[in-house]
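Here is a briefing on charged side chains. Look over the sequence and the model first.

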Amino acid sequence: MANSPSSKKRARQSEKRRQLNASQRSMVRTFIKKVDVAVQSGNYDNAQAAFIIAKPIIDSMVNKGIFPKNRAARIKSTLNGQVKALKA
């Protein structure tokens with residue numbers, strides 16, 4: 001347990017950041033699931049619209065350090081492939 005004032009402050013900051021990061025990670029997962037649901041329904045237009053909304057949010061999580069760059073690229077590539085497969 002934190003004893004000194006600086007370590008108490010650091011513990012408060014860490015907890016606040018942990019909660020914010022968890023919230024943002026959850027938000028991104030929700031947008032990814034919306035694309036997956038649209039792909040499963042088979043509607044190309046809905047899937048494309050959901051993907052267009054999700055893409056910049058995934059990118060912003062990379063800038064905030066929530067996701068590594070390669071993971072975000074892999075997620076976007078997978079979702080884009082699923083959406084394009086609907087059109088074919």
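**Charge pairs and a charged patch**

R18 and E15 are 3 residues apart in helix α1, so about one helical turn separates them. Helices are DSSP runs (H or I, at least four residues), numbered from the N terminus. This is a predicted model: local features need pLDDT of at least 70, side-chain atom pairs count only at pLDDT 80 or more, and totals for chains, interfaces and linings use all residues. Residues are numbered from 1 along each chain as its sequence is written, and side-chain values use heavy atoms, with hydrogens and water left out.

**Salt bridges**

- The count is 2 salt bridges, each a side-chain nitrogen of Lys or Arg within 4 Å of a carboxyl oxygen of Asp or Glu.
- R18 and E15 form a salt bridge at 2.7 Å, N to O.
- D59 and K76 form a salt bridge at 2.5 Å, N to O.
- D59 lies in helix α2 (residues 44-63) and K76 in helix α3 (residues 69-87), so this pair ties together parts 17 residues apart in sequence.

**Exposure of the partners**

- R18 is partly exposed, at 48% relative accessible area.
- Partly exposed falls between buried (under 20%) and exposed (over 50%), with a 1.4 Å probe and protein chains only.
- E15 is partly exposed at 33%, and D59 is partly exposed at 32%.

**Positive patch**

- K8, K9, R10, R12, K16 and R17 form a positive surface patch.
- Patch residues have over 30% relative accessible area and no salt bridge, with like charges joined within 9 Å.
- K8 sits in helix α1 (residues 5-41) and is partly exposed, at 42%.

Key:
Patch = residues over 30% accessible without salt bridge, like charges linked within 9 Å, V, L, I, M, F, W, Y side chains within 5 Å. Areas by Shrake-Rupley, 256 points an atom, 1.4 Å probe, with all protein chains shown as cover. Lys, Arg positive; Asp, Glu negative; His and termini not counted. Charge placed at Lys NZ, Arg CZ, Asp CG, Glu CD. Helix = DSSP H or I, 4+ residues; strand = E, 2+ residues; numbered from the N terminus.
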